[in-house]
Amino acid sequence: MIPLPFGGQNREKLKKSEYALGILGTLVIFLVAFLYAFEVKYFSNTFEAKSMIWRSLAVGVIAGIIAGYFFSKPFNDGLEKLKLYIFSIVISLLLFPLLGSLSNRLLSFSPKQKIEVELQSQEAYLQSRFGRVKTKKKKDGIFLFFVKDQKFERVKTKEVLFPDSKKGDRVSIVTKKGFWGYEYFIEE
């Protein structure tokens, strides 16, 4: 083996607590990614989801600024303070849409309700990372298009909910009002 100059002899030795903190941070990153992956289907079945996301982002910016203020107090260097502010804001912007959707859905104590909507169509979809691919593969789900409160809406379902209905028919769907007031579709 050929010895290389500066081959690690000046490397900083980490403590056990620093290793544990690194492992915990990695697990948190994977947990957030995992939760986002499973929450996407609920985002798409929430009415006015864009509004919920924008409000969550606004609250995230405010929370990030407040966290940055408190965490940067011990530092005198302006650059270090700026780094903490930016880090706090970015982390908040990444977390708050997820927290907004989860809390809207999981902290909801209102009962389920059936509402009437005007059916527009029910179309099968096939998800692919490569765009539309012609295949005989089974469908991934159904897009249900309808008019609710004079707004055109789309939700995802696993199966066709109204096989004998046609465009313009009045059908009943199940919804629930979330904790933050954003209503979401429930497939039963």
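## Charges over rings

A charge is said to sit over a ring if NZ of Lys or CZ of Arg is within 6 Å of the ring centre and within 35 degrees of the ring normal. Here, Arg105 lies over the face of Tyr42, 3.7 Å from the ring centre. Lys148 takes up such a place over Phe47, at 4.8 Å from the ring centre.

This is a predicted model, where local features need pLDDT of at least 70 and side-chain atom pairs pLDDT 80 or more, while totals for chains, interfaces and linings use all residues. Residues are numbered from 1 along each chain as its sequence is written, and side-chain values use heavy atoms, leaving out hydrogens and water.

## Aromatic pairs

Rings of Phe, Tyr and Trp (its six-membered ring) pair if their centres lie within 6.5 Å; planes under 30 degrees apart are stacked, over 60 edge-to-face and the rest tilted. Six such pairs occur in the structure. Phe179 and Trp180 make an edge-to-face pair, 4.8 Å centre to centre with 80° between the planes. Phe143, Phe145 and Phe152 form one aromatic cluster.

## Helix α3

Helices (H or I, at least four residues) and strands (E, at least two) are DSSP runs, numbered from the N terminus. Look along α3 and you will find a kink of about 30° at Leu95, shortly before Pro97; the bend is the angle between axes fitted to the seven residues ending there and the seven starting there.

Buried residues (under 20% relative accessible area, with exposed over 50% and partly exposed in between; 1.4 Å probe, protein chains only) of α3 include Ser88, Pro97 and Arg105.
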